[in-house]
Amino acid sequence: MKRNRLLAVLVGGVFCVAVMSLYRMLDTMQGAELQHMETPDGQVENDLSRLQQQIDKLERLLSNNNRLVATLRDKLFHRQASWVKGGAVNVSVDSAPSRADSLPGCRLAEEMKDGAEGVQLLDVYDLLTFENLNGGVWKQGFEISYHGDEWAEQPLEVFVVPHSHNDPGWLKTFEGYYQDQTKHILNNMLIKLTEDSRRKMIWAEISYFSKWWNDIDEQKREMVKRLVGAGQLELVTGGWVMADEANSHYFALLDQLIEGHQWIQRHLGVKPSSGWAVDPFGHSPSMAYLLKGAGLSNMVIQRVHYAVKKHFAQKQTLEFLWRQSWDSSPRSDIACHMMPFYSYDVPHTCGPNPAVCCQFDFHRLPGGRLFCPWKISPQRITEKNVEERALLLLDQYRQKSRLFRSPVLFVPLGDDFRFVESSEWDAQFGNYQKLFDYFDQHPELHVKARFGTLSDYFEALHRRLNAAGTTLPTLRGDFFTYADRDDHYWSGYFTSRPFYKRLDRTLEATLRATEILFSLTLAEMRRFRGDGRLVSDFPAREHFKSLTAGRRSLALFQHHDAVTGTARDPVVVDYGTRLFHAILNLHKVLQSSAHWLLLLDKSQYHHDQSKPFMQMDDVMSAQDALPRKTPLTLSDEPRSLIIFNPTEQLRSSVISVVVDSPDARVVDAETGRPMAAQISAVWAEPSRASSEHFQLDFVAELPPLSLVVYHVTKAPVGSAHRARYTFHRRGNPPAIQSEHFQVSRPEADAPLSLSNKHIQIWGSLETGLLRKLRLQSGLVRQVQVQFLWYGTRTSQEKSGAYLFLPGEEGAQLYSSSEPPLVRVSRGPVFSDITSCFRHFTHTVRLLHLDGHAGRSLEISNMVDIRSEVNRELVMRLVSDVANGNRFYSDLNSFQMQQRRTLGKLPLQANFYPMTSSSFLQDSTSRLSLLSAQSQAVAALRPGELEVVLDRRLQQDDNRGLGQGVTDNKLTASLYHLLLEDRRGGAQEVGGASVEHLSLLAHLTLLSLSHPPISMVAPSDSQVPKLRPFLPLRSSLPCDVHLLNLRTLEDSQEAESPSQEVALLLHRKGFDCNSAPEPSLQCTWSAHEEVNLDDLFSPLRFRSVRRSGLTLLREDDEPESARQQQPPRVTSLRPMEISAFRVEID
């Protein structure tokens, strides 16, 4: 009864709100009409402007009304949901704590932080002394002893797991390795595993496996399926590559997993269950999360700091349940095995003594190309020596076993590109089988050894643990920064080849935008035709092939020698060429999809590959060139400019185009409304403006996922707002060439300052570099930008592609013989300060926008260090934020990780990977640096934050590459700097507090990572009528990110799009302590449950089915749970990614 009364009250409340809102709207409209009637004829312009304001106001009222109703409906729905579930309910908005009154959704993220049982890696770092003591035969470890009777009750169970690590590009290109080595390995695998059913093998890289599959005939394919079915061949991880875990963005990490898993499902009908990451240079919990979400239950890692390995070995915690820092439940746990020794090669995997283990790498038998560096060669196993050899090997197995909690032992057998020749298969498998047979014939040794796969090992491990009632310890944290020996920290590769790290993210953004637009186009076409079929002239299959190629190019580049910048020069060019071609081909899909969607009369659609209807505004001319804008020729005839907003949020964006006239105007093509715009100079040189080209910037209001059309025309002379310029240079005023723009000298002693509604900034009069920031709230922070050089050591060991080994002098402040030219521009759309130094041009820009885009400072650098020798350029922020020794950097743009700068570690150890964000905070403020590319980050002193921009190193660092890094390019880097008020006091209460970005930072990063995409229609007057495409009624909640809308391959027709789409949503966790005033113009929910139909209205789903993160059929919810009728309500937990198999109606 009470429930019904509450329901009635809530419904009544909704009705009242709706009626009152409608009354207010009518009142507003009536006022507008009266005003209109009283306006004299001569004031048409004012009248239109006033009417526009009234309409804007009305839209805001409607929006507020919708938000109110949505909140009430949310509450109502949530109450109903809790009743249905028998009263289990989340904390509602009403009971949110006072500090988070305006941010109800952050309660969920806060709740998930609780529960700190288990090992926290940050605490381990505090504990360790990092003394590099000599451990004897196991140099980085300790002496291991045993009595011999430990296995009497529980025999030692050994799984020897043959593997071959195949880099998809490193010293040779992907194609080069495939032809020279990989195809022979796989051909021999087929023969040699078939010869003896006791033989086993694991394989990881699906990029190679799929290429080989395309080369073999049907008979061999059937043999492969038999080996997989019999458990002799196991595909591990199942990703396209063995991905880097430091620089890769989580979109790309997941996308390469989807690509691999979908291929395996289609061709082999199986699903990977174990992860295998033996060569990435450090490990991230984001990868563990994705593997668990993709249905894997176990994983193996290898490259972990040697001191951490030693500590874990001493504590017998080398096997653990890896849990996400933000998760208080075991939901995200995945069983992880950390290999204890130096490497994944045979000398470092059978036991602690490499000199002994090397004798059991039978590829190194005397007479071959390989030998043992410890000077004792392997021997063929014969009846005469089998006992001595078997006991020698068993001793290593037993010693290694003492580092673990169970009597099940995992022993990898392999190395890079192993098992190429038939003779190696025979040597390894033949000799080991004799040793295994000997063990079998001697039960008194209490050992059972055999070839196995990862699944075999983990199955036996869990069986033994369960039988003994043993549980694995829980661990939280990440394994960066990796050191393999001495003070050799692998923090150099966080930045190496920054040009390609930036290109990687450009392709990622282009791919995501194209996936979404292509999926929406197909759905719209089926709706338009009414029979579920596509328009015949639209090349859907060809476009789907381009999408697949784009996915695979991005996936290949996530390899741990690609995005890392650690491959040889010709290999880097090969990767770059693949990225470049992928971008060009995806642009064709984007143009073609946008063309069809925008046409008012769809019958006018005609696909002509040689003459596309639209051209991209940004054009890359080569794989190593920065994109350039195509100049538009203007006339009285409007040029159509099409803007695609690839984000799920309504946004105000500054759109930039280059035109041939200093007089231009932009109007919304649909309404004719003029857009706020400014004309700026295109600087051919720092003090010489082009007289032919001009930059037109205008403010575009872009609904979520929309295509909007603007018209650009030539305007009457002098009618466009032009930027005004001031130039500074100490001691030597520059001569300025600029005929179309007002240039003035700076007033004596006037401070260099810019401001908008939200921020005021001050720069140095001498260098133009930032000095101070003030927010509208009154918060002031000293924030100085500095540039510095790091050199390298004078000893033998120097920095290279992998390692950062700075000279003892540390960072040296950048100095230049010439004072920099400082150019200040001021305009109605943006104002900026540009400092032109010899090695870089640095710009700070403020946007004059109302929305969140106006609250951050855009920082861009154009870096060129090609003249330097063994130097690395750093940008450092020096602030008065009192953060102590703690700061936060992101892991794969998926989560934030607390870092502690430790004096006991060398400088290079305190650098960490930063994929997209980092921040410093104290009790009253937070300073966040958001980035459009990955690089190394450090906070070496309180208040400081520095990022490495580029590195040029003349020598190899002895990790196998055999060259330095000298192929530097002119490289762009882009950031947003965000200062925010914090409330609620200091967050640091011991332990590793879990922090998230603020909502404002999430939205800023979304805009930075996914900029609007501009396309230009032809200039002739025969352009057909276009109308905007607006697929969503409103923005998604601002804590829900549309990660992808990925068309899946047709299960019947290969290389063709199906009607099914993978809908991937990521609900962000956000910080409770920073809520900007005025509040953000977006909604969020206090509840886990969301209604997908409401979220994506007016798009309709024919069916929705939750699945695993890689959309494998067997991970789909059962048919009974499939939601075919609205409302489709699903749970989205903060921080979690959810995947759905949907059909869009």
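Is the disulfide of Cys 1038 and Cys 1082 right-handed or left-handed? I looked up the torsion about its S-S bond, which is about 65°, so the disulfide is right-handed.

I note that this is a predicted model, in which local features need pLDDT of at least 70 and side-chain atom pairs count only at pLDDT 80 or more, whereas totals for chains, interfaces and linings use all residues. Residues are numbered from 1 along each chain as its sequence is written, and side-chain values use heavy atoms, with hydrogens and water left out.

**Disulfides**

I found three disulfides in the structure (a disulfide is a pair of cysteine sulfur atoms within 2.5 Å). For Cys 1038 and Cys 1082 I read an S to S distance of 2.2 Å. This pair links distant parts of the chain, 44 residues apart. Cys 1038 and Cys 1082 are buried (under 20% relative accessible area, with exposed over 50% and partly exposed in between, for a 1.4 Å probe and protein chains only).

I then turned to Cys 350 and Cys 357, whose sulfur atoms lie 2.0 Å apart. Their S-S torsion is about -90°, so this disulfide is left-handed. The link of Cys 358 and Cys 372 is left-handed, with -100° about the S-S bond.

**Other cysteines**

I checked Cys 336, which is buried at a relative accessible area of 2%. Cys 836 also counts as buried, at 13% relative accessibility.

Notes:
Helices (H or I, at least four residues) and strands (E, at least two) are DSSP runs, numbered from the N terminus.
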